[in-house]
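This briefing goes through one protein chain by topic. Look at the sequence and the structure first, then read on.

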Amino acid sequence: FSSATASSASSATSTTTSTTTSSSGPAKGKKQRLVVAVGGNALQRRGDRLTIENMLKAAAEMAPTLAMLAKEHELVLTHGNGPQA
């Protein structure tokens, strides 16, 4: 997971990404597993109201970055189920 990839991913989305690798790093040619948590906070832009329309727009903007990451890595998408007010 290169810093360039991390930088472009973090600037395009507000998801939380972590990798699971050994301390020596992945074997050459082996894909890293990236865990991306996508939930209400990841789908809400600062200043935007939390509406389904805004969440769908944020998800559509996030999709190309996730697709790019999935080409080079094993991608695991999960969601949070935090407090519901």
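What percentage of the 85 residues in the protein chain is buried? Buried residues make up 21% of them, where buried means under 20% relative accessible area, exposed means over 50%, and partly exposed lies in between (1.4 Å probe, protein chains only). The model is predicted, so local features need pLDDT of at least 70 and side-chain atom pairs count only at pLDDT 80 or more, while totals for chains, interfaces and linings use all residues. Residues are numbered from 1 along each chain as its sequence is written, and side-chain values use heavy atoms, with hydrogens and water left out.

**Overall layout**

- The protein chain has two helices and three strands; helices (H or I, at least four residues) and strands (E, at least two) are DSSP runs, numbered from the N terminus.
- Their order from the N terminus is α-β-β-α-β.
- Of the contacts between residues at least 6 apart in sequence, 57% join residues at least 24 apart; a contact means heavy atoms within 4.5 Å.
- The chain exposes about 6,000 Å², and carbon and sulfur atoms supply 54% of that area, by the Shrake-Rupley method with a 1.4 Å probe, where for residues only the protein chains shown count as cover.

**Core and helix α2**

- The largest nonpolar core consists of six residues: Val 36, Val 38, Leu 43, Ala 58, Met 62 and Leu 66. Such a core is a set of buried Ala, Val, Leu, Ile, Met, Phe, Trp, Tyr and Cys residues joined through side-chain atoms within 4.5 Å.
- Helix α2 (residues 52-72) gives the most to this core, with three residues.
- The buried residues of α2 are Ala 58, Met 62, Thr 65, Leu 66 and Leu 69.
- At 1.5 Å a residue, the 21 residues of α2 should span 30 Å, and this agrees with its end C-alpha atoms being 30 Å apart; the expected span is 1.5 Å times one less than the number of residues.
- Helix α2 has a kink of about 30° at Ala 63, shortly before the proline Pro 64. The bend at a residue is the angle between axes fitted to the seven residues ending there and the seven starting there.

**Salt bridges**

- There are two salt bridges, each a side-chain nitrogen of Lys or Arg within 4 Å of a carboxyl oxygen of Asp or Glu.
- One joins Arg 33 and Glu 74 (3.2 Å, N to O). Arg 33 lies in strand β2 (residues 33-37) and Glu 74 in strand β3 (residues 74-78), 41 residues apart.
- The other joins Arg 45 and Glu 61, with the closest N and O atoms 3.2 Å apart. Arg 45 is in the loop between β2 and α2 and Glu 61 is in helix α2, so the pair ties together parts 16 residues apart in sequence.
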